[in-house]
Amino acid sequence: MNTPLKNCLQKIRPVIKEIQAYHVADASGLIKLDAMENPYSLPADLKVELQARISMAEINRYPDPSASALREKLRQVMRVPEDKALVLGNGSDELIQMLAMAVADKDVCLMSFDPGFVMYKMIADFVGIKYVGVPLSENFSLDMERTCQAIKQYQPAIIFIAYPNNPSANCYNEKDIEEIILMAPGMVVLDEAYHPFAQTSFMSRLTEFDNLLVMRTVSKMGLAGLRLGLLCGHSDIINEIDKIRLPYNINVLTQISAEFVLDNIDVLDTQAKLIREERELLLEKMKAISGLQVFSSQANFILFRVLDKKANDVFESIKQSGVLIKNMRADVGLLKNCLRVTVGTPSENLAFVDALVKAIVND
Ligand SMILES: *Cc1c(COP(=O)(O)O)cnc(C)c1O
């Protein structure tokens, strides 16, 4: 390798070099049930109207830097308490990054739970701070003894709680979460990415706890392509986070599209209801297949363990049948031999169940 290049690479922090780049599987030609997307698109008449709005966008101009109209619409739709503030992110991933950057310092740590959403740890690595993942109990509930001990020991600046959790799809006990909020030495972020499917929330409880922040996203409710998330909480905290936000982080096409769809939120609400109903049907069908341990779900995906075969083989066989799901790739631990499937349309779910049965029974 030539010397200038070598010199450059030497400047990259070791923690960055060790990161495995976030892997997005190629889904071309496959039924895509790997990424918790809403399988439904907008009705044709709304698509036409959206197109007309987008064609009027002034893409030669910078967008509204703080997207104030969109923010107000989100405040109403998401029922953010009146005296609380909100800041928008390019997906909730960007909000996690802003939060981490706001606290990044030596001896600072972020805490969450394991197994959990991978971005918390990745972003802690990006900004160069310590990450502590507290192991969950066998049934994916919070292990409060371990959690209390870890909070005392590490004094985390931020505790992230995915509610429901990804990849286990369960909501933690509300009293346990309250206990964590009361005990935490810093911020507690309730990541409610799957709120449309869980229908339980800490949003209204923001008024009770000054150190509580609630994060939402429009991704899982049907607008993953727009990249838009929101963080709500005490205005003194949100004002500080907002200083880190890059100007114009929400582009004009996202602002226009999101405002338009939020004006027609009943369409997404109806889709979420369909997905919840399909989830129950899919759970029932999967539980009837022997050789699987199927975990309950309050989200738009289902985690399951393959008992008598290698999850990897089952995953590949399902893929051969034309359906892409998520391989958790764990040989040990709580996710041992687990796979995760997103709830799709009725016909997609049928195709998945057929492929699953074939993988379990025949191969
Ligand atoms: C999918 C997911 C997100 C990511 O949301 P974006 O708004 O698309 O960045 C955040 N948190 C959890 C727990 C998720 O599963």
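Which backbone oxygen does the side chain of Asn337 reach at 2.7 Å? In this predicted model, the atom in question is the backbone oxygen of Lys309. The side chain of Asn337 also has a polar atom 2.8 Å from the backbone oxygen of Val306. Asn337 itself belongs to the loop that runs between strand 12 (326-327) and strand 13 (338-342).

In the side chain of Thr217, an N or O atom is found 2.5 Å from an oxygen atom of the ligand. For the side chain of Asn166, the corresponding distance between an N or O atom and a ligand oxygen is 2.9 Å. Ser92 takes part through its backbone, where an N or O atom lies 2.7 Å from an oxygen atom of the ligand. On its own, the ligand has 390 Å² of accessible area, and the protein covers 93% of this area.

Salt bridges form a further group of contacts. With a side-chain nitrogen of Lys or Arg required to lie within 4 Å of a carboxyl oxygen of Asp or Glu, the count comes to 18 salt bridges. One of them joins Asp125 to Lys121, with 2.7 Å between the closest N and O atoms. Both residues are part of helix 6 (residues 118-127), where they are four residues apart, about one turn of the helix. The two partners fall into separate accessibility classes: Asp125 counts as buried because its relative accessible area is 13%, whereas Lys121, at 40%, counts as partly exposed.

Elsewhere, salt bridges with shared partners link Glu174, Lys175, Glu178, Arg205 and Glu208 into one network. Another salt bridge is formed by the side chains of Asp143 and Arg146, with an N to O distance of 3.9 Å. Arg146 counts as partly exposed, since its relative accessibility is 44%.

The surface also carries a nonpolar patch, made up of Met1, Leu5, Leu9 and Ile12. Together these residues present about 380 Å² of accessible area. Among them, Ile12 is located in the loop between helix 1 (3-11) and helix 2 (14-17). Why is Ile12 classed as partly exposed? The relative accessible area of Ile12 is 37%, and the partly exposed class lies between the limits of under 20% for buried and over 50% for exposed residues.

Methods:
Residues numbered from 1 in each chain as written. Predicted model: local features only at pLDDT ≥ 70, side-chain atom pairs only at ≥ 80, totals over all residues. Heavy atoms only, no water. Patch = residues over 30% accessible without salt bridge, like charges linked within 9 Å, V, L, I, M, F, W, Y side chains within 5 Å. Areas by Shrake-Rupley, 256 points an atom, 1.4 Å probe, with all protein chains shown as cover. Helix = DSSP H or I, 4+ residues; strand = E, 2+ residues; numbered from the N terminus. Buried < 20%, exposed > 50% of the residue type's maximum accessible area, 1.4 Å probe, protein only. Polar contact = N/O pair within 3.5 Å; in protein donor to acceptor, adjacent residues only side chain to side chain.
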